[in-house]
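Me: I have a structure open and would like to go through it. Can we start with the charged side chains?

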Amino acid sequence: MAVHTADGERLTADTVVLNPDLPAAYSLLPGMAPARLRRLTPSPSCVVLHLGTGKEYPAGEILDNGMMVYDTKTGTGMINRAGVEVLPPVYEHIASPDPDFAEVSGYVTIQQNGRWGLADTAGRIRIPPAYSEFFTTVFDSLFRTKKDGLDVLLNAAGENLLPEGCTDLRILREAGAASFRKNGSYGVYYVSTGRTVPPAYEEVNSVFYGNDWLKSCLVVVKDGWNGLLGPDGREIVPPRFDEAFNGLSENGDDRHIVVRKGSLHGLFNAAGKQVIAPEYQSIRQELGGASLLKVAKESGTRYCLPDP
């Protein structure tokens, strides 16, 4: 058995596998093709996609978004999946942003002259290289980096969402917020609303217990006392209480906060109204819900509604 090439060369083989459709395959074989070929039902087992480019590139690195980064003598560039150059080889480094809390596939971070910036996968420079640290994705299309030693939180348009001159940037994922420090005090930026709580607190901390609503709040400390910011950044419990706050139950619909001052407990609702003054040794729900509360102090026990 052999294969005869068009220029007359004979290539011997033990087996020859033909890939074309049957009519084309029989035309390559000696002898007569069958007078009638049985009609077949197509049933492909795979799809082969051929991509090509007329330009040669050195071997490079494939990023998570499918783009390829390659190195030349002049620098690092990037081509897309169709083989089209979208970033010329003039950069020191090109990579996907570090995924801290979010994966964003439409951008790459670029380094030029020792500074970092951001480009999209179409090759448009979204944020010119002017920052001193690699970009980290912290929320959907939000990036943290530094400039001149100070923290910045940038959107894809390059706008800094924090006040100028901030340090100690912390991402508070459950609350969808970022805390920052300026002039010795802490403030908060809320991603969903774009609201900034001015720096006025000694500490800002996440809530790690209770239902989802309580976990979306933040504990703030001022003059040594604890307060609570709601999910929208409003101060629903003023900072004049002790330690952490608790909800009445794990029920996701519950919006009440038990506060403590010394050994006495009180109750606030989600609107920031104090519905029970902190004068009870205990406050707990009765009858499996927040519709009736049992409150106790030295003089005795009574029942009340959480929102009288």
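Reply: Start with Arg 124 and Asp 120, whose side chains meet in a salt bridge (2.9 Å, N to O). A salt bridge here is a side-chain nitrogen of Lys or Arg within 4 Å of a carboxyl oxygen of Asp or Glu. Before going on, note that this is a predicted model, where local features need pLDDT of at least 70, side-chain atom pairs count only at pLDDT 80 or more, and totals for chains, interfaces and linings use all residues. Residues are numbered from 1 along each chain as its sequence is written, and side-chain values use heavy atoms, with hydrogens and water left out.

Me: What else does Asp 120 form a salt bridge with?

Reply: Arg 126, with the closest N and O atoms 3.1 Å apart.

Me: Is Asp 120 buried or exposed?

Reply: Asp 120 counts as buried because its relative accessibility is 4%. Buried means under 20% relative accessible area, exposed over 50%, and partly exposed in between (1.4 Å probe, protein chains only). Arg 124 is partly exposed at 49%, and Arg 126 is partly exposed at 32%.

Me: How many salt bridges does the whole structure have?

Reply: The search finds six. One of them joins Asp 151 and Lys 146, with the closest N and O atoms 2.9 Å apart. Asp 151 is buried at 5% relative accessibility, while Lys 146 is partly exposed at 23%.

Me: New topic, then. How many aromatic pairs are there?

Reply: Rings of Phe, Tyr and Trp (its six-membered ring) pair if their centres lie within 6.5 Å; planes under 30 degrees apart count as stacked, over 60 as edge-to-face and the rest as tilted. By this rule the count is five aromatic pairs. Among them, Trp 116 and Phe 134 have ring centres 5.0 Å apart and planes at 75 degrees, so the pair is edge-to-face.

Me: Where do Trp 116 and Phe 134 lie?

Reply: Trp 116 is in strand S10 (residues 115-120), and Phe 134 is in the loop between strand S11 (125-131) and strand S12 (136-139), so the pair ties together parts that are 18 residues apart in sequence. Strands (E, at least two residues) and helices (H or I, at least four) are DSSP runs, numbered from the N terminus. Trp 116 is buried at 10% relative accessibility, and Phe 134 is partly exposed at 25%.

Me: Why is the pair of Phe 241 and Phe 268 edge-to-face?

Reply: Their planes are at 80 degrees, with the ring centres 5.6 Å apart, so that pair is edge-to-face. Phe 241 in strand S22 (residues 235-247) and Phe 268 in strand S24 (residues 264-269) are 27 residues apart, and the pair links distant parts of the chain. Both Phe 241 and Phe 268 are buried.

Me: Which residues do ring pairs link into a cluster?

Reply: Tyr 107, Tyr 131, Phe 135 and Phe 143. The charged end of Lys 147 sits over the ring of Tyr 131, 5.4 Å from its centre. That needs NZ of Lys or CZ of Arg within 6 Å of the ring centre and within 35 degrees of the ring normal.
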